[in-house]
Amino acid sequence: MKDKICIVGLGYVGLPLAAAFAKKYDVVGFDINEARVAELRSGHDATLELESHELTAVQESLTFTTNLEDIRKCNIYIVTVPTPIDSSNRPDLTPLQKSSESVGKVLAKEDIVIYESTVYPGVTEEVCVPILEKVSGLIFNRDFYCGYSPERINPGDKEHTVTKILKVTSGSTPAIAERVDELYRSIIVAGTHKASSIKVAEASKVIENTQRDVNIALINELALIFDTMGIDTNEVIEAAATKWNFIKLRPGLVGGHCIGVDPYYLTHKAEELGYRPNLILGARQINNGMSKYIAEKTVKEMIKAGKVIKDARILILGVTFKEDCPDIRNTKVIDIVDELQEYGCSVDIFDPWVDNAEFEHHYGFSISADPFASNQRYAAVILAVAHHQFKEISQSQLEALQEGQPVIMDVKGIVENPTWRL
């Protein structure tokens with residue numbers, strides 16, 4: 001029997017994976033968000049991960065649904081739901097638990113459930129499997145099996161797409177591990193790496209982004225030190241990068257659903273086991289503090305320029321967590337807004353990549369109209385995201401937006417002669 005695959009969760013990870021599998025298998029994409037399913041059925045993807053023609057190309061083998069009965073005939077379930085953190089930076093496994101309950105309702109003998117969501121080691125077998133067993137009435141590794149293959153989607157990246165990134169795989173038995181690896185090998189042209197266990201695969205994913213977080217935190221801390229010294233951080237990095245083994249990173253905001261979230265999954269488990277991961281938590285503290293630092297520097301530069309802070313109108317260009325991508329999840333630009341509002345400033349955000357309705361739903365206020373097409377003037381401009389549209393803006397255009405002495409705060413290093421550069 002040829003495998004019939006269900007992808008549970010149709011966001012930035014699930015949709016590209018579903019389309020990739022649909023080139024070789026019958027695939028059902030399942031999501032509880034009715035608006036999302038309706039949008040995909042119409043041939044549009046608001047995340048911009050897939051073009052309309054890419055959806056059209058697999059429309060014969062890829063269907064979308066919110067109805068559990070439509071996925072009952074599948075024999076492989078791949079769960080790609082978000083794994084966020086709560087307000088106390090603790091893992092929120094609710095989406096994963098709810099998805100496991102849903103899959104459990106349709107699970108049949110010999111089926112395989114593969115998880116791709118980022119978790120700490122042990123979640124698949126210690127949290128998800130008991131839910132699958134309870135809801136389905138089936139016994140793990142006798143009646144059904146599990147695998148774990150961490151997602152490696154890079155939102156907005158049109159070069160390193162899902163099939164071009166080497167995939168880690170694992171399974172709950174040696175035979176299932178081979179079966180899962182074979183399944184992914186059938187679509188991943190970059191190849192696969194079969195881990196010895198599900199826990200090893202889970203751990204490999206969570207440390208990918210933890211390593212990046214720690215490395216960026218070092219560069220951010222160096223930027224804070226050099227800023228205090230009056231030294232240009234970018235010039236220092238260029239000089240240091242002349243050595244072959246220097247890792248060339250840039251300072252900046254660390255948001256999004258991966259780097260700013262995943263380390264907390266590892267630290268949570270470590271602390272649960274009695275180990276205090278000081279380096280990882282210290283890196284998180286540094287990176288989370290960058291928004292406050294940028295806001296404070298903006299206020300100081302405005303004071304130097306003779307601007308009145310209370311009721312000052314400030315423009316922020318860009319609010320997504322990375323350039324040329326509509327993803328606003330866990331964006332740290334919002335923290336800059338909050339800090340500036342604490343000073344009594346009024347803040348406008350302009351971002352041509354963002355859907356205003358979605359942004360307003362998440363954050364409670366609207367994206368502003370194009371400031372370059374209006375008569376609005378600002379006390380300061382913060383360039384927060386390096387969208388390609390913003391790279392094309394000239395120094396004179398930024399200065400023309402402002403009243404009095406220009407205050408241009410360049411977080412991304414793309415302005416020729418800013419007032420201040422991170």
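The following legends describe close-up views of a predicted model.

Residues are numbered from 1 along each chain as its sequence is written, and side-chain values use heavy atoms, with hydrogens and water left out. Because the model is predicted, local features need pLDDT of at least 70 and side-chain atom pairs count only at pLDDT 80 or more, while totals for chains, interfaces and linings use all residues.

**View 1. The largest nonpolar core and the surroundings of Val113.** This core has 36 residues; a nonpolar core is a set of buried Ala, Val, Leu, Ile, Met, Phe, Trp, Tyr and Cys residues joined through side-chain atoms within 4.5 Å. Buried means under 20% relative accessible area, exposed over 50%, and partly exposed in between (1.4 Å probe, protein chains only). The residues with the most contacts inside the core are Ile71, Tyr77, Leu96, Val113, Tyr115 and Cys146. At least two core residues come from each of strands E1 (4-8), E2 (26-30), E4 (76-79), E5 (112-115) and E6 (145-148), and from each of helices H4 (94-106), H5 (123-136) and H7. Helices (H or I, at least four residues) and strands (E, at least two) are DSSP runs, numbered from the N terminus. H5 gives the most to this core, with five residues. A second, separate core of 35 residues includes Tyr293, Ala312, Ile334 and Ala384. Not counting residues up to four places away in sequence, Val113 touches Tyr77, Val79, Val103, Leu107, Leu132, Tyr145, Cys146 and Gly147; contact means heavy atoms within 4.5 Å.

**View 2. Lys167 and its polar partners.** Lys167 is found in strand E7 (residues 167-169) and is buried, with a relative accessible area of 2%. Its side chain makes polar contacts with the side chains of Glu116, at 3.0 Å, and Ser149, at 2.8 Å. A polar contact is a pair of N or O atoms within 3.5 Å; within protein, one must be able to donate a hydrogen and the other to accept it, and residues adjacent in sequence count only if both atoms are side-chain atoms. Leaving out residues up to four places away in sequence, Lys167 touches Glu116, Ser149, Pro150, Glu151, Arg152, Tyr184, Ile188, Gly191, Thr192 and His193.

**View 3. Gln395 and the backbone of Asn417.** Gln395 lies in helix H15 (residues 395-400). Gln395 is buried, with a relative accessible area of 18%. The side chain of Gln395 reaches the backbone oxygen of Asn417 at 2.7 Å. Apart from neighbours within four places in sequence, Gln395 is in contact with Ile408, Val415, Glu416, Asn417 and Pro418.

View 4. A search of the whole structure finds 29 salt bridges, each a side-chain nitrogen of Lys or Arg within 4 Å of a carboxyl oxygen of Asp or Glu. Asp227 and Lys297 meet in one of them (3.4 Å, N to O). Asp227 is partly exposed at 21% relative accessibility, whereas Lys297 is buried at 13%. In another salt bridge, the closest N and O atoms of Glu238 and Lys248 are 3.1 Å apart. Glu339 forms a salt bridge with Lys292, the closest N and O atoms being 3.6 Å apart.

**View 5. Two residues with positive phi.** Most residues other than glycine have a negative phi. Phi of Glu110 is near 75 degrees, and Glu110 is found in the loop between H4 and E5. Asp324 has a positive phi of about 50 degrees and lies in the loop between strand E9 (313-317) and helix H12 (333-342). Asp324 counts as partly exposed, at 25% relative accessibility.
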